[in-house]
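Okay, thanks everyone, I'll keep this short. Have a look at the model on the screen, and I'll walk you through a few spots I picked out.

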Amino acid sequence: ELFVQYLATYSYKHGRGKEKNALTYSDLSHTAEECETFQFLADILPKKILASKYLKMLEKEKRDGEVGEDDEEDEEDEDEAVDEDVGS
């Protein structure tokens with residue numbers, strides 16, 4: 001209970017809480033990201049992003065993953081070609 005109170009107070013004082021006279025999720029996520037004491041909460045309190053940005057990130061990761069898989073297949077083909085030359 002004291003920890004949650006400390007997190008809320010710290011986030012309020014170091015965030016935009018004073019301006020809005022309220023504690024927001026973004027204040028908590030900013031505190032988790034910036035303050036070394038609360039960095040273990042960064043996975044629990046991630047920054048909010050728009051769904052469209054998230055979908056773009058997923059597509060980019062998928063494309064990067066496909067490119068990486070193609071590279072691995074090319075390397076396997078080269079390895080097989082080298083093995084055939086050595087065996088001859």
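Let's start at Asp27, which touches Ser11, Gly15, Arg16, Gly17 and Ala22, once you leave out residues up to four places away in sequence. Before I go on: this is a predicted model, so please hear everything with that in mind. Asp27 sits in helix α3. So is Asp27 buried or exposed? Its relative accessibility is 5%, so Asp27 counts as buried.

Let me zoom out for a second. Of the 88 residues, 14% are buried. And if you take the contacts between residues at least 6 apart in sequence, 22% of them join residues at least 24 apart.

Back to α3. The buried residues there are Asp27, Leu28, Ser29, Thr31 and Ala32. What covers them? Among other things, α1 and α2, the latter being residues 17-20.

Now the α1 and α3 pair.

Which residues in α1 and α3 meet? On the α1 side you have Leu7, Tyr10 and Ser11, and on the α3 side Asp27, Leu28 and Thr31. Sorted by class, that contact of α1 with α3 has 3 nonpolar, 2 polar and 1 charged residues.

Ser11 deserves a minute of its own. It's in helix α1, and with a relative accessibility of 0%, Ser11 counts as buried. Where does the Ser11 side chain reach? It goes to the backbone oxygen of Leu7, at 2.8 Å. Setting aside residues up to four places away in sequence, Ser11 touches Leu23, Asp27, Leu28 and Thr31.

There's another serine to look at, Ser29, and this one is in helix α3. Ser29 counts as buried too, at 2% relative accessibility. From Ser29 to Ser11 you go 18 residues along the sequence, but in space the C-alpha atoms are 8.7 Å apart. As for what Ser29 contacts, leaving aside neighbours within four places in sequence, we get Leu45, Pro46 and Lys47.

How many salt bridges does the structure hold? There is 1. Glu33 lies in helix α3, while Lys47 is in the loop between α3 and α4, with α4 being 51-87, so the pair ties together parts that are 14 residues apart in sequence.

How accessible are the two partners? Glu33 counts as partly exposed, at 38% relative accessibility. Lys47 is partly exposed as well, with a relative accessible area of 45%.

Definitions and conventions:
Residues numbered from 1 in each chain as written. Predicted model: local features only at pLDDT ≥ 70, side-chain atom pairs only at ≥ 80, totals over all residues. Heavy atoms only, no water. Contact = heavy atoms within 4.5 Å. Helix = DSSP H or I, 4+ residues; strand = E, 2+ residues; numbered from the N terminus. Nonpolar A, V, L, I, M, F, W, Y, C, P; charged D, E, K, R; others polar. Salt bridge = Lys/Arg side-chain N within 4 Å of Asp/Glu carboxyl O. Buried < 20%, exposed > 50% of the residue type's maximum accessible area, 1.4 Å probe, protein only. Polar contact = N/O pair within 3.5 Å; in protein donor to acceptor, adjacent residues only side chain to side chain.
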